[in-house]
Amino acid sequence: MNRLVNRWYGESPLQLLLLAASFALAGYAGVRLLENDWFAVAVWFVGAALVHDLLLVPLYSLADRAAQKALGDRRRTAMGYLRVPAFLSGLLLLVWFPLITRAREEHYALVTGHSGDAFLPRWLLLTAALFAASALWFVSVTFLAPASPWRQARRARRQERARERERERQRRKETKGRPPSDH
């Protein structure tokens with residue numbers, strides 16, 4: 001059965017099951033969302049798609065390209081350490097946008113009885129913590145891990161120096177201790 005699914009689908013049956021479940025959940029949410037005011041929801045989705053494609057994609061593509069140029073040769077490994085916290089911070093901003101920008105502060109206060117003043121500082125603090133954790137992870141992987149590229153390069157340089165010293169010793173041995181320029 002597993003081989004048949006792999007041959008037909010190309011991935012594991014578990015991945016197919018999870019994908020089907022996520023489509024079912026999205027379909028259910030869509031039906032529930034559209035049952036009250038389908039026209040306003042459709043306008044919101046079209047507007048969100050247009051704003052994303054015409055405004056946000058060029059902006060974060062430009063920011064990504066600038067970060068790649070700033071990082072230079074390290075960009076392949078280092079870009080993930082910038083993209084992940086930026087994505088998570090952007091996702092949190094998207095979810096809590098009305099409260100972070102204080103656009104719905106009165107409504108939030110009426111419903112919960114709490115002030116909405118804490119959302120912007122907490123989002124900024126969480127964003128800083130995400131970038132700090134990512135920076136620490138990058139430093140630990142790049143410089144401290146035994147298999148890090150930095151340590152591998154240092155090890156390769158040490159090995160090359162040892163090989164060069166061995167070649168020099170071999171040359172001296174062949175010339176009986178005299179430098180090769182005396183012959």
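Student: How do the residues of the lining of the largest pocket divide into nonpolar, polar and charged?

Tutor: This is a predicted model. In it, the lining divides into 17 nonpolar, two polar and two charged residues.

Student: What is the volume of the largest pocket?

Tutor: The volume is about 860 Å³. There are 21 lining residues, and Leu56, Tyr60, Ala86, Gly90 and Leu91 are the closest to the centre of the pocket.

Student: What makes a residue part of the lining?

Tutor: A lining residue has an atom within 4 Å of a point of the pocket.

Student: Which helices each supply at least two residues of that lining?

Tutor: Those are α3 (38-71) and α4 (75-95). The largest share comes from α3, with 10 residues.

Student: Now the surface. Which residues form the nonpolar patch?

Tutor: Leu33, Leu34, Trp38, Phe39, Val43, Trp44 and Phe45 form the patch. Together they have about 800 Å² of accessible area.

Student: Which helix gives the most to the nonpolar patch?

Tutor: Helix α3 does, with five residues. Both α2 (13-34) and α3 supply at least two each.

Student: Why is Leu33 called partly exposed?

Tutor: Leu33 is found in helix α2. Its relative accessibility is 43%. Buried means under 20%, and exposed means over 50%. The value for Leu33 lies in between, so Leu33 counts as partly exposed.

Conventions. Residues are numbered from 1 along each chain as its sequence is written. This is a predicted model: local features need pLDDT of at least 70, side-chain atom pairs count only at pLDDT 80 or more; totals for chains, interfaces and linings use all residues. Side-chain values use heavy atoms; hydrogens and water are left out. On a 1 Å grid over the protein atoms alone, a cavity is a set of points where a 1.4 Å probe fits but cannot get out, and a pocket is an open set with protein on both sides within 12 Å along at least five of seven lines; lining residues have an atom within 4 Å of a point. Grid points are joined across faces, edges and corners, and a volume is the space filled by probe spheres set on the points. Helices (H or I, at least four residues) and strands (E, at least two) are DSSP runs, numbered from the N terminus. Ala, Val, Leu, Ile, Met, Phe, Trp, Tyr, Cys and Pro count as nonpolar, Asp, Glu, Lys and Arg as charged, and the others, Gly among them, as polar. Patches are made of residues with over 30% relative accessible area and no salt bridge: like charges are joined within 9 Å, nonpolar side chains (Val, Leu, Ile, Met, Phe, Trp, Tyr) within 5 Å. Accessible areas come from the Shrake-Rupley method with a 1.4 Å probe; for residues, only the protein chains shown count as cover. A salt bridge is a side-chain nitrogen of Lys or Arg within 4 Å of a carboxyl oxygen of Asp or Glu. Buried means under 20% relative accessible area, exposed over 50%, partly exposed in between (1.4 Å probe, protein chains only).
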